[in-house]
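Here is a short report on strand pairing and aromatic contacts. Have the sequence and the model open as you read.

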Amino acid sequence: MTEALPMDSPAFARVRARIAAATSAWAAGMTLAEIRDSFEAFLGAGEGAPEVVRTPLPLAGLPACSFDAPGGDAARALLYCHGGGFQIGSIRSHAGLMARLAAASGMRVIGFDYRLAPEHRFPAAHDDAFAVYGALVEAGETPLALVGDSAGGALALGTVMRARDAGLALPKALVLLSPWLDLAMSGESYTALAEKDIFSRPEQLRAMARTYLGRDNRPDDPAASPVKGDLAGLPPMLVHAGGHDITLDDSHLLAQRAAETGGRVAVEVFPGMCHHFQVFEELPEAAQSLARIGAFLRGL
């Protein structure tokens with residue numbers, strides 16, 4: 001008897017149908033503002049962890065929000081950088097995921113809204129992420145870890161690299177979910193998994209990279225694609241990616257390049273899962289990923 005694969009499950013079928021409905025609507029002539037609203041509703045449709053307390057707060061002049069689970073340790077905070085290709089995404093779209101992360105880790109999770117392209121091109125998002133981190137450090141509240149999914153993974157990694165170069169206090173770890181770290185998209189996974197990833201498409205990410213970078217910046221600039229930069233002296237990293245994730249090679253490249261400078265990167269690949277599958281709370285694999293991340297963080 002052949003063992004059923006994760007993507008054959010009823011939960012995965014429901015996610016696939018949700019994605020197909022949403023992406024079809026986005027491709028049917030929606031404006032960017034409408035796509036942003038739709039993306040927020042699409043990812044924010046679940047309950048997440050309703051017992052988690054959500055508290056708006058200003059941070060470095062940007063909208064931010066803390067997520068605290070009952071019995072959690074607010075003194076051990078995680079700074080979360082949301083994904084969305086630098087053009088979409090917000091606290092609202094990722095609130096469910098951040099709430100579930102707070103519950104899984106027993107720690108405070110802080111999310112924030114950074115400026116989006118095309119209104120604000122590179123390096124706006126990177127500058128905002130670094131400003132938020134710097135504000136926390138200055139307040140004596142250096143995050144225990146930085147967490148980011150997809151484009152937010154590039155922001156999280158890039159922020160810690162900038163903090164290292166600026167001599168700021170560093171977090172104890174980085175946690176990256178399907179990180180999009182190479183805006184040049186040079187890995188084979190971008191083509192090899194193009195028909196298997198049910199959420200992200202290479203042409204979509206290429207367009208997002210062009211929009212964010214504009215005409216005056218190169219996708220292989222380490223400031224935009226941190227996996228191309230100096231990875232020495234960074235804290236340990238945990239990376240969770242899907243086996244059908246088009247950005248998968250970015251995770252392996254990060255591990256390879258970090259190892260060359262003595263860094264530690266543990267990459268766990270979830271078979272059959274798509275790009276940043278953790279945003280879909282109905283997937284058992286999403287809960288498994290967050291539980292393992294929570295265990296990793298509690299061990300810091």
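Leu174 stands opposite Met237 in strand β7. β7 (residues 237-242) runs parallel to β6, and four bridges join the two. Strands pair here if DSSP finds at least two bridges between them. This is a predicted model: local features need pLDDT of at least 70, side-chain atom pairs need pLDDT 80 or more, and totals for chains, interfaces and linings use all residues. Residues are numbered from 1 along each chain as its sequence is written, and side-chain values use heavy atoms, without hydrogens and water.

β6 also pairs with β5 (residues 145-149), in the parallel sense over five bridges. There, Gly148 stands opposite Leu176. Helices (H or I, at least four residues) and strands (E, at least two) are DSSP runs, numbered from the N terminus.

Is β6 buried or exposed? Five of the five residues of β6 (residues 173-177) are buried, so the strand is largely enclosed by the rest of the structure. Buried means under 20% relative accessible area, exposed over 50%, partly exposed in between (1.4 Å probe, protein chains only).

Now the aromatic rings. The whole structure holds 10 aromatic pairs. Rings of Phe, Tyr and Trp (its six-membered ring) pair if their centres lie within 6.5 Å; planes under 30 degrees apart are stacked, over 60 edge-to-face, the rest tilted. Two pairs are listed here.

| Pair | Centre to centre | Angle between planes | Type |
|---|---|---|---|
| Phe42 and Phe199 | 6.1 Å | 65° | edge-to-face |
| Phe86 and Tyr212 | 4.1 Å | 10° | stacked |

Phe42 and Phe199 are both buried. Phe86 and Tyr212 are buried too.
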